[in-house]
Amino acid sequence: RALTIDAAPLVLHFMGATWVPQHAIASLTRPAIVAAADLGGGSSTYSRPFAADTLLYQHLLDTLRARIAQVTGAPRIEGIYLTGWSAGYGAIREIVRRQHNLARVDGVLLIDGIHTGYIPDRTPLADSGVLDTAGLAPFADFARLAAAGSKRFVVTHSEIFPGTFASTTECSDWLLGTLGLTRTPVLEWGPLGTQLLSRTTKGRFEVLGFAGNSAPDHVDQFHGMAVFVERLLAP
């Protein structure tokens, strides 16, 4: 499809079949550019490259800008948004934890993918464990920026309980508590027949809590990505 616009946001997605974010962006009501990476499973698979090379994110953006510039009539990048499903949060956490990257991140979307470990290891809260909040601190910092209006941050989560590491519900609860926020109960349909149970918003920070405690529920959120990206990019 020929591009006739001057500028468009770049959506950089981590984890999952790359056709899903491609389809999501193609179905938006607004133009956008998408680049997607699927490196396999496990958050360390995504975090390790960015932890080892603190300039990797800058190099990645430079490479994408150069590739886009080679396309006749392609728009320039205006706004950079990071999205991740499941373990893809590992890359995003490493990117936003570094101050020099923040000017190049306008927004973040975590699709049922915000986790951390327990202390002691593999000891759930019900067994007197506690969350390893060091793994969540970069997201709390970004949430504060979004709540103040300078960034955009959308978090979705299911009710899946992994057991050996903290669930997206537990991590979202901690994130909301850190910002002094409480959930607002709702009962609405979400994408692909998902069921929204809570919505919490402050400024440009938003947490959406969905029903579902199975693998298909986790995948449905990924396939409903277009709805969440539309919220991410909304003016």
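The structure is a predicted model, in which local features need pLDDT of at least 70 and side-chain atom pairs count only at pLDDT 80 or more, whereas totals for chains, interfaces and linings use all residues. Residues are numbered from 1 along each chain as its sequence is written, and side-chain values use heavy atoms, with hydrogens and water left out.

The secondary structure comprises eight helices and ten strands; helices (H or I, at least four residues) and strands (E, at least two) are DSSP runs, numbered from the N terminus. The radius of gyration of the protein is 17 Å, in agreement with the value near 18 Å that a compact globule of 235 residues would have. This radius is taken over C-alpha atoms, and the globule rule is 2.2 Å times the number of residues to the power 0.38. The C-alpha trace spans about 60 × 40 × 35 Å along its principal axes. Contact denotes heavy atoms within 4.5 Å. Of the contacts between residues at least 6 apart in sequence, 67% join residues at least 24 apart.

The protein exposes about 10,700 Å², of which carbon and sulfur atoms supply 54%; accessible areas come from the Shrake-Rupley method with a 1.4 Å probe, and for residues only the protein chains shown count as cover. Of the 235 residues, 48% count as buried, where buried means under 20% relative accessible area, exposed over 50%, and partly exposed in between (1.4 Å probe, protein chains only). The mean positions of the 19 positive and 20 negative charges lie 7 Å apart. In this count Lys and Arg are positive and Asp and Glu negative, while His and the chain ends are not counted; the place of a charge is NZ of Lys, CZ of Arg, CG of Asp or CD of Glu.

In soluble globular proteins, nonpolar side chains tend to be buried together. A nonpolar core is here a set of buried Ala, Val, Leu, Ile, Met, Phe, Trp, Tyr and Cys residues joined through side-chain atoms within 4.5 Å. The largest such core has 66 residues, among which Leu82, Phe153 and Phe205 touch the most other members. Helix 5 (residues 137–147) gives the most to this core, with six residues. When residues up to four places away in sequence are not counted, leucine 82 touches Leu12, Tyr57, Ile92, Ile95, Val96, Val105, Gly107, Val108 and Leu109.

Within helix 5, the residues Pro138, Phe139, Ala140, Phe142, Ala143, Ala146 and Ala147 are buried. Their cover includes helix 4 (89–96), strand 4 (107–111), strand 7 (152–157), helix 6 (168–178), strand 9 (195–202) and strand 10 (205–210). Helix 5 is followed by glycine 149, with a positive phi near 100 degrees.

Aspartate 112 lies in the loop between strand 4 and strand 5 and counts as buried because its relative accessibility is 2%. Leucine 192 is placed in the loop between strand 8 and strand 9; at 55% relative accessibility, this leucine counts as exposed.

The loop between strand 5 (118–119) and strand 6 (130–131) contains proline 120. The peptide bond from isoleucine 119 to proline 120 is cis, with omega near -5 degrees. Aspartate 121 is found in the loop between strand 5 and strand 6 and counts as exposed, its relative accessibility being 60%. The C-alpha atoms of aspartate 121 and proline 185 are separated by 32 Å, at 64 residues apart along the chain.

Valine 186 belongs to strand 8 (residues 184–189) and counts as buried at 18% relative accessibility. Beyond residues up to four places away in sequence, valine 186 touches Leu196, Leu197, Ser198 and Arg199.

Leucine 233 is located in helix 8 (residues 225–233) and counts as buried at 9% relative accessibility. Leaving aside neighbours within four places in sequence, leucine 233 is in contact with Pro9, Val11, Leu28, Arg30, Ala32 and Tyr81. The C-alpha atoms of leucine 233 and valine 108 are separated by 9.8 Å, although these residues are 125 apart along the chain.
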